[in-house]
Amino acid sequence: MSLVKYEIFSKAAEVNSFTKTAEKLGLTQSAVSHAITSLEKEFNFPLFIRNNSAIKLTQNGMNLLVTIREILYYNDILKQEVNAINGLNKGTVKVGVFSSISTKWIPFIMKEMEKKYPNIEIKLIEGNYAEIEKWLLDNEVDCGFINNSTSSLRSFDIVKLKTEPLLCVVSEQSPLHNNKHLSVEDIETTPFIMPTYQCFDDIQLFFKENNIKPNIRFENMNENSIFSMVENNLGISILPEMIIPKGLNSIKVIPLELEQTRTIGLAIRTPISPAVKKFSEVTENWVKKLSYS
């Protein structure tokens with residue numbers, strides 16, 4: 001069976017469109033449709049439900065998707081190992097990232113990768129912790145940044161990168177702004193702005209472990225909006241240190257009385273491809289330098 005058909009099937013399952021699949025892979029739409037139809041004849045059952053221009057995986061298609069992506073992954077490893085034997089560092093690395101990693105780390109890691117391994121292509125997919133873990137389990141990414149504290153991944157190599165504190169942000173207008181620490185009572189009695197996307201799990205874990213019942217006044221997905229609301233003294237919030245911008249005079253950062261941290265790691269599919277290994281090494285070395293600076 002042709003691996004090209006597998007690649008077309010995998011991409012179609014990702015984008016849910018034969019037209020978009022053709023655009024992404026540089027093929028004609030008829031070539032994509034023919035490849036899928038050919039696979040369905042070989043397997044003797046439909047892989048997609050067709051509804052005008054939209055497509056959706058059948059249950060049988062879903063069952064095969066992870067295995068087919070596994071086959072493509074091993075084929076990519078084989079190509080990379082052959083290139084490595086011939087003295088070439090070539091390959092593609094698909095990386096799951098969350099927003100603070102995208103803005104604070106990735107530009108510098110990408111710069112190091114381009115300098116050392118210009119023939120390794122990095123593809124980034126941004127999501128939250130849960131989405132990245134699903135992509136790893138579904139073989140959609142080769143590695144992904146995760147929170148070790150909340151992760152349920154067990155069958156992956158995990159490279160521990162950095163442990164950082166969760167901190168409280170309050171307005172300079174808040175009566176709490178001179179506090180040395182933020183107490184449980186402060187969290188329970190002061191209007192609280194709950195982040196609902198990237199660091200939701202971190203904060204929920206902190207509340208659960210310490211039996212804290214916050215006085216939630218607002219819920220917000222956007223970190224910039226949260227900082228704006230805090231600046232205007234509409235409430236306080238708790239965020240990982242990396243997310244909090246430096247130099248905001250209208251916001252005061254206060255440690256929590258009950259210390260809480262998150263540990264950022266890089267989860268890697270096994271077996272590890274040569275290109276992914278290079279990305280992991282560059283990432284780990286860059287974070288170590290960051291810790292010492």
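I'll start with a contact: R269 lies over the face of Y73, at 3.6 Å from the ring centre. A charge sits over a ring here if NZ of Lys or CZ of Arg is within 6 Å of the ring centre and within 35 degrees of the ring normal.

Some ground rules. This is a predicted model, in which local features need pLDDT of at least 70 and side-chain atom pairs count only at pLDDT 80 or more, while totals for chains, interfaces and linings use all residues. Residues are numbered from 1 along each chain as its sequence is written, and side-chain values use heavy atoms, with hydrogens and water left out.

Staying with rings, the whole structure has 10 aromatic pairs. Rings of Phe, Tyr and Trp (its six-membered ring) pair if their centres lie within 6.5 Å; planes under 30 degrees apart count as stacked, over 60 as edge-to-face and the rest as tilted. F43 and F45 are stacked because their ring centres are 5.9 Å apart and their planes at 25°. F206 and F207 make a tilted pair, 5.8 Å centre to centre with 40° between the planes. F206 is buried, at 1% relative accessibility, and F207 is buried at 4%. Buried means under 20% relative accessible area, exposed over 50%, partly exposed in between (1.4 Å probe, protein chains only). Ring pairs also link W105, F108, F145 and W286 into a cluster.

Strands (E, at least two residues) and helices (H or I, at least four) are DSSP runs, numbered from the N terminus. C143, F145 and N147 point one way from strand 5, and G144 and I146 the other. Which strands pair with strand 5? Strand 3 does, in the parallel sense over 2 bridges, and strand 11 does, antiparallel, over 5 bridges. Pairing requires at least two DSSP bridges between the strands. G96 stands opposite G144, and N147 has I264 in strand 11 as its bridge partner.

Last, the largest pocket, at about 770 Å³. On a 1 Å grid over the protein atoms alone, a pocket is an open set of points where a 1.4 Å probe fits, with protein on both sides within 12 Å along at least five of seven lines; lining residues have an atom within 4 Å of a point. Of its 26 lining residues, L72, D76, T92, K94 and K123 are the closest to its centre. Helix 4 gives the most to this lining, with 8 residues.

How values were computed: Points joined across faces, edges and corners; volume = space filled by probe spheres on them.
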